[in-house]
Amino acid sequence: MNEKNSLLAEFEGIVSGHRDGHGFVIRDDGQPDIYLPSNEMRAVLHKDRVKARIVRLDRKGRPEGRVTEIIERSDAPIIGRLLQESGVWLVAPEDKRYGQDVLIPKGATGSAKAGQVVVVELTEPPALYGQPVGRVKEVLGEIDDPGMEIEIAVRKYGVPHQFSEAAMAEARALPDKVRPTDLRQRVDLRDVALVTIDGEDARDFDDAVYCEPARVGRAKGWRLLVAIADVSHYVKTGAPIDVDAYDRATSVYFPRRVIPMLPEKLSNGLCSLNPDVDRLCMVCDMLINAKGEIHAYQFYPAVMHSHARFTYTEVAAILQNTRGPEAQNRKPLVPHLLNLHDVYRALLAARQKRGAVDFETVETQIVCDESGRIDKIVPRTRNDAHKLIEEAMLAANVCSADFIGQSKHAGLFRVHEGPTPEKLETLRNYLKSMGVSQTVSERPHPSEFQQIASATKDRPDAQQIHTMLLRSMSQAIYTPMNEGHFGLAFEAYTHFTSPIRRYPDLLVHRVIKAILLKQRYQLPALPTPGEAHAKLSKRLASRAKAPTQQPVKKPSGEVLAWQAAGLHCSANERRADEASRDVEAWLKCKYMREHLGEEFSGVVTAVTSFGLFVTLDAMYVEGLIHITELGGEYFRFDEARQELRGERTGIRYSLGTRVQVQVSRVDLDGRRIDFRLVGGDEDVLLRAMRDKSGHGGAGQDERGKAARHDAGARRSPGKKAPKGAGPSATVSGVAPGQKAAGKKAARPSAKSRRSRR
């Protein structure tokens, strides 16, 4: 379409507001977002569906538009604080993307009091010369009430948090324990020493493991049993519990609280593989050879009796010292744990041989006190017990995918595509600029990434190189089209091991059972996909696909149904992640408010055109040093090197740079923490001076002093920051102003390998 026609055409899309008052139309066709100035946002709200026309292009060729028609008003509730100003009641939205306060008429406040957090239902939409009007639908409580951040997040992101009456009635009618009739056509494994190994704070136990030496062909190997809670025995397709579970698609984990996918009677009771009670399970029974290769496997329903509930810490201690106190307390089970450790080492060797990507990242855990306030943030250390369980689960998931694929039955695979061409190009440029001799090919294998990680692990900038490798990866999704798992280097992979907390796993169980019975599992009629589904569908459609000469075959109705289910589960997985990050950001902001003015050391973990994201060493909290806080000179952003460089002094800030910062501002509503630079790594200053002078001779000390002074100074008065680009950043890393550049500055968060791969 030429420029003239594009200015005349109208495009449909969803309005995305910005806290500074302007907004964007996220186009349905996947083309660049249309910028809406603040005057265009007066008659619309965040999440409204509109038609818009492009009226001009800015100097960078980005489209600016005008709303021509409001197609559909969003029915999403608005959460905010009820305020009274000059006798007028209004609600200030907690989500600043709404941009306008909501007027509340007298008599529409219900039982709410000034200052309380409420949920508002709109009764009148905004107009060019009038604010939106609404009524208080629900009172959540005081802003400082324990758990308020979670109450806000579940409503803000549309997370279902109450089970239907029909689902609860169905749950109450379920038995409290395994009945004799439940044991029909099941293998009895109650005498097998299956055990669970989980974290100290785990409440639902999806999986149990057992290992013993076995002959594999003529050589030594192991028989590995992975027993998974048989949720599908109790949750029937299309029943009320199933409908609610599908709607949630996943359990959502917050500090000190979980929004479960299944009612507690199932998730913590009847389905959970608790110790010393009989439980129904689905078993993946594998023979693994000395090379860590799966020689054979079979699936079958069984009944088990967990012989122990182990924690990762306890198992790690036993493996480290088989004569220690922990081992003495569990003496009968120690040989089985040693067998598990042996098969783990074989599986790990196979992982390394196939070149699977395995970056060591720091995962953190928020420890709260009784009132829900952060007490401390500590790193999670992955010991051999974590890795042992991870490898056992991966093996069972691979067998599940192979079983479904070999049976030619429709189902969901966990697909992780390789990096997009754009991300590959960015990565190649970065590696070249950093002097890394290795690079990645046009169609890379995971082993290429692992080789680069191994080759650079002893470099001082290894952490930043590994971070860039990780960021070049795509996110995994659920889909019926098996395209392999790039990161794990598997040709086929799915999720089988967590049906208590992930709906795709429950579907995989049903498919496996149907195959065993020589039947075909039929998906029920699915509810209308939600907003999260639409957003993800659009994002996936915009991915560039390699051209193919083969004619595209139209998918069948069955495949389309599975595609819809996969998109729904993938989208709601992201919704859960966003809600969890929002709560963590809130808690971290409240935590850092108590440290305003204090100084900390930290490391640069992301570089953007508008500043540096810094993670504090002691707190594991991230905030922004805005570019206006870096000194009285012009800084140029080098995307290839991922660094900001001062044009006058040559001072450079890149991934991995160590800095000393002061906590200057905390915005709880915006989930933002601002830092002020008070000092940096001496190497940064010295390197800049060497680059400028070409040597380390006379005059370097004077230049070093000047650079040191500049690093702590503000931008000179002659160079004003752009309007609305104040020194701020969201804790989750999506920074203000970045949307205007056409991309979200989403910061990757470390996720549990066990739950997300």
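Modeller: Please note that the model is predicted. Let us begin with arginine 428, which has a relative accessibility of 16%.

Biologist: Why is arginine 428 called buried?

Modeller: Buried means under 20% relative accessible area. Arginine 428 stands at 16%, and therefore counts as buried.

Biologist: What makes the pair of glutamate 442 and arginine 428 a salt bridge?

Modeller: The nitrogen-to-oxygen distance between their side chains is 3.4 Å. The limit is 4 Å between a side-chain nitrogen of Lys or Arg and a carboxyl oxygen of Asp or Glu, so the pair qualifies. Glutamate 442 belongs to the loop between H10 and helix H11 (446–455), while arginine 428 is in helix H10, 14 residues apart.

Biologist: Is glutamate 442 buried or exposed?

Modeller: Glutamate 442 is exposed, because its relative accessibility is 63% and exposed means over 50%.

Biologist: Why is arginine 676 called partly exposed?

Modeller: The value for arginine 676 is 28%. Arginine 676 lies in strand S31 (residues 672–680), and its side chain forms a salt bridge with that of glutamate 629 at 3.8 Å, N to O. Glutamate 629 is buried, with a relative accessible area of 5%.

Biologist: How do you know that asparagine 397 is buried?

Modeller: Asparagine 397, in helix H9 (residues 384–406), has a relative accessibility of 2%. The cut-off is under 20%, and asparagine 397 is therefore buried.

Biologist: What makes the pairing of asparagine 397 and tyrosine 493 a polar contact?

Modeller: Their side chains are joined at 3.0 Å, and the limit for a pair of N or O atoms is 3.5 Å. Setting aside residues up to four places away in sequence, asparagine 397 touches Tyr493, Thr494, His495, Phe496 and Thr497.

Biologist: Why does serine 433 count as buried?

Modeller: Serine 433 has a relative accessible area of 18%; buried means under 20%, so the word applies. Serine 433 lies in helix H10 (residues 421–433), and its side chain reaches the backbone oxygen of alanine 640 at 3.4 Å. A polar atom of that side chain also lies 2.8 Å from the backbone oxygen of tyrosine 430.

Biologist: Which residues are linked in a network of salt bridges?

Modeller: The network links Glu94, Lys156, Asp582 and Arg671. Within it, the side chains of aspartate 582 and lysine 156 meet at 3.2 Å, N to O, and both residues are buried.

Conventions
Residues are numbered from 1 along each chain as its sequence is written. This is a predicted model: local features need pLDDT of at least 70, side-chain atom pairs count only at pLDDT 80 or more; totals for chains, interfaces and linings use all residues. Side-chain values use heavy atoms; hydrogens and water are left out. Helices (H or I, at least four residues) and strands (E, at least two) are DSSP runs, numbered from the N terminus. Buried means under 20% relative accessible area, exposed over 50%, partly exposed in between (1.4 Å probe, protein chains only). A polar contact is a pair of N or O atoms within 3.5 Å; within protein, one must be able to donate a hydrogen and the other to accept it, and residues adjacent in sequence count only if both atoms are side-chain atoms. Contact means heavy atoms within 4.5 Å.
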